[in-house]
Amino acid sequence: MAKLQTLYLFSYNFLQFLGWTLALFRILSNFISTNSVTGVYASAGELICLLQCCAFLEVIHGAIGIVPTGVVLPLMQWSGRTHFLLAIVRQIVELQESPSVFITFSAWSLSEVIRYSHYALSCIGSPPYLITYLRYTAFILLYPVGVGPGEIWLMYQALPFIKTRNLYADTLPFSYYNFVKVLLLLYPLLWLKLYLHLFKQRRSKLGKYHKTKKT
């Protein structure tokens, strides 16, 4: 049973690694060929939407206890990203050419290539120190870049479109426009909780590595 669980986790993380590597390749290829940050959604958007939807499995992994992440923090991150992707970027075509999409997708792809490669290698042994170091260090830059000029700024840009079109008025029992405004106020606080948690993980994981090395 333990071997099957390990095989499943390795397969899941390796496939996510391949998917995000392909997404990053498409983003960079589009940037190099066009010398522009526009067109990134057309080149990698649908793939990123698919990968992000599949990532709900990580919430389930935490819920059933096959990974030690718990449920709350993975659910917060998954729901925030998925809402941003499916409810805003995918629905408001005018925003898909925004530099904020390029910034967000680039930051996400880089961080996920590192994260999933680390997870996959952890399933079959100890990852090289460089991968571990990047896993618990790259977020320091990538996370605020992806959230600030990426997610938050794009949601702010979306407000006029949401209001003009009265988006989701026929499906939601509340004003989606007001919901996004409240979300923009709460986003920095929710993000800070996740960001500080990652620093706590960094101290724990890299500290353990250095202790093991000294021993």
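The model is predicted, so local features are given only where pLDDT is at least 70 and side-chain atom pairs only at pLDDT 80 or more, while totals for chains, interfaces and linings use all residues. Residues are numbered from 1 along each chain as its sequence is written, and side-chain values use heavy atoms, with hydrogens and water left out.

**The largest pocket**

- The largest pocket has a volume of about 1200 Å³; a pocket is an open set of points on a 1 Å grid over the protein atoms alone, where a 1.4 Å probe fits, with protein on both sides within 12 Å along at least five of seven lines.
- A volume is the space filled by probe spheres set on the points, which are joined across faces, edges and corners.
- The lining of the largest pocket, meaning residues with an atom within 4 Å of a point, consists of 43 residues, and Thr 69, Arg 115, Tyr 119, Arg 135 and Gln 201 lie nearest the centre.
- H1, helix H3 (56–64), helix H4 (72–89), helix H5 (99–124), helix H6 (129–135), H7 and H8 each supply at least two residues of this lining, and H5 gives the most, with ten residues; helices are DSSP runs (H or I, at least four residues), numbered from the N terminus.
- By class, this lining holds 24 nonpolar, twelve polar and seven charged residues, where Ala, Val, Leu, Ile, Met, Phe, Trp, Tyr, Cys and Pro count as nonpolar, Asp, Glu, Lys and Arg as charged, and the others, Gly among them, as polar.

**The second largest pocket**

- The second largest pocket holds about 260 Å³ of space, and of the 15 residues that line it, Met 76, Gln 77, Gly 80, Tyr 187 and Leu 194 lie nearest its centre.
- H4, H7 and H8 are the elements that give two or more residues to the lining of the second largest pocket, which has nine nonpolar, four polar and two charged residues.

- The buried residues of H7 (under 20% relative accessible area, with a 1.4 Å probe and protein chains only) include Phe 139, Val 147, Glu 151 and Ile 162.
- Asn 166, in the loop between H7 and helix H8 (176–214), has a positive phi near 50° although it is a residue other than glycine.
- Most residues other than glycine have a negative phi.
- Asn 166 counts as exposed because its relative accessible area is 51%, the cut-off being over 50%.

- Asn 35 lies in the loop between helix H1 (2–34) and helix H2 (40–54), where it has a positive phi of about 55° without being a glycine, and its relative accessibility of 65% makes it exposed.
- Asn 30, in helix H1, is buried because its relative accessibility is 13%.
- Beyond its neighbours within four places in sequence, Asn 30 is in contact (heavy atoms within 4.5 Å) with residues including Asn 35, Thr 38 and Ser 43.
- Thr 21, also placed in helix H1, is partly exposed at 32% relative accessible area, and its side chain reaches the backbone oxygen of Phe 17 at 2.7 Å.

Definitions and conventions. Polar contact = N/O pair within 3.5 Å; in protein donor to acceptor, adjacent residues only side chain to side chain.
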